[in-house]
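Please read the numbered points below with the sequence and the model open beside you. They are meant as a colleague's notes for a first careful look.

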Amino acid sequence: MEFYNYLKSLHLIFVITWFAGLFYIVRLFVYQIEAAEKSSPEREILQKQYKIMTYRLWYIITWPSAILASIFAFWMLLFTDLGKAWLLMPWMHVKLGFVFLLFLYQGKCQQIYSQLQKDDIKYSSNFMRLWNEGTTIILFAVVFLVILKDAVNWIYGVIGIFLFSITIMLGFKMYKRIRERNKS
């Protein structure tokens, strides 16, 4: 059991750094997109700096954290008795579905990262602000699943985060209108 707790601790540490990387990378995307709208030489200086920052965050923190969190998770699930028991529980199947969604989300972030490194801007900074909420929704769903260990009751937590997300989006739209009004 002590060995399992070490694995669980390492898994949790890397899950936290993985999510931190996903939260911050999208914020850097926002800054990078907004820097492209600046005039020269500010634009070039900011874009160069943001490219360095995103590269370091993405390849030194986010991807390694995702890989290590996954390694420790699979180690717990496949090579410990408790993990094997959890694999039989429906809530774990749902959780693993959310982890799959998280990897899809990260894959899309990889695509956006690659485009921005080439100065190919396909999304607005407003879109990126909303895109950042995807990680939040997945985080809430996974935490509720792990704590409640119930494939049904977690739905209440996810409904709560969707309502929270709608509130954030409405607040974001109001903030955007206020910002645009103040520019005039």
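Which side chain meets that of Glu 34 in a salt bridge?

1. The side chain of Arg 129 meets that of Glu 34 in a salt bridge, with 2.8 Å from N to O; the term stands for a side-chain nitrogen of Lys or Arg within 4 Å of a carboxyl oxygen of Asp or Glu. Because Glu 34 lies in helix α1 and Arg 129 in helix α5 (residues 125–131), the pair ties together parts that are 95 residues apart in sequence. The structure holds four salt bridges.

2. A word on the source: this is a predicted model, in which local features need pLDDT of at least 70 and side-chain atom pairs count only at pLDDT 80 or more, while totals for chains, interfaces and linings use all residues. Residues are numbered from 1 along each chain as its sequence is written, and side-chain values use heavy atoms, with hydrogens and water left out.

3. The protein has seven helices and zero strands, where helices (H or I, at least four residues) and strands (E, at least two) are DSSP runs numbered from the N terminus. Its C-alpha atoms fill a box of roughly 60 × 35 × 25 Å, taken along the principal axes.

4. Helix α1 (residues 2–35) packs with helix α4 (residues 90–117) at an angle of about 35 degrees, their axes being 11 Å apart; axes are lines fitted to C-alpha atoms over the stretch in contact, and angles run from 0 to 180 degrees between N-to-C directions. The contact (heavy atoms within 4.5 Å) includes Trp 18 and Phe 29 of α1, and Phe 103 and Tyr 113 of α4.

5. A nonpolar surface patch of about 760 Å² includes Leu 130, Ile 155 and Met 169, and its largest share, seven residues, comes from helix α7 (residues 154–183), where Met 169 is found. Such patches are made of residues with over 30% relative accessible area and no salt bridge, with nonpolar side chains (Val, Leu, Ile, Met, Phe, Trp, Tyr) joined within 5 Å; accessible areas come from the Shrake-Rupley method with a 1.4 Å probe, and for residues only the protein chains shown count as cover.

6. Two places in the backbone deserve a second look. Most residues other than glycine have a negative phi, and most peptide bonds are trans. A cis peptide bond, with omega of about 5 degrees, joins Ser 40 and Pro 41, and Pro 41 is in the loop between α1 and α2 (42–79). Asp 119, in the loop between α4 and α5, has a positive phi near 60 degrees.

Methods. Patches are made of residues with over 30% relative accessible area and no salt bridge: like charges are joined within 9 Å, nonpolar side chains (Val, Leu, Ile, Met, Phe, Trp, Tyr) within 5 Å.
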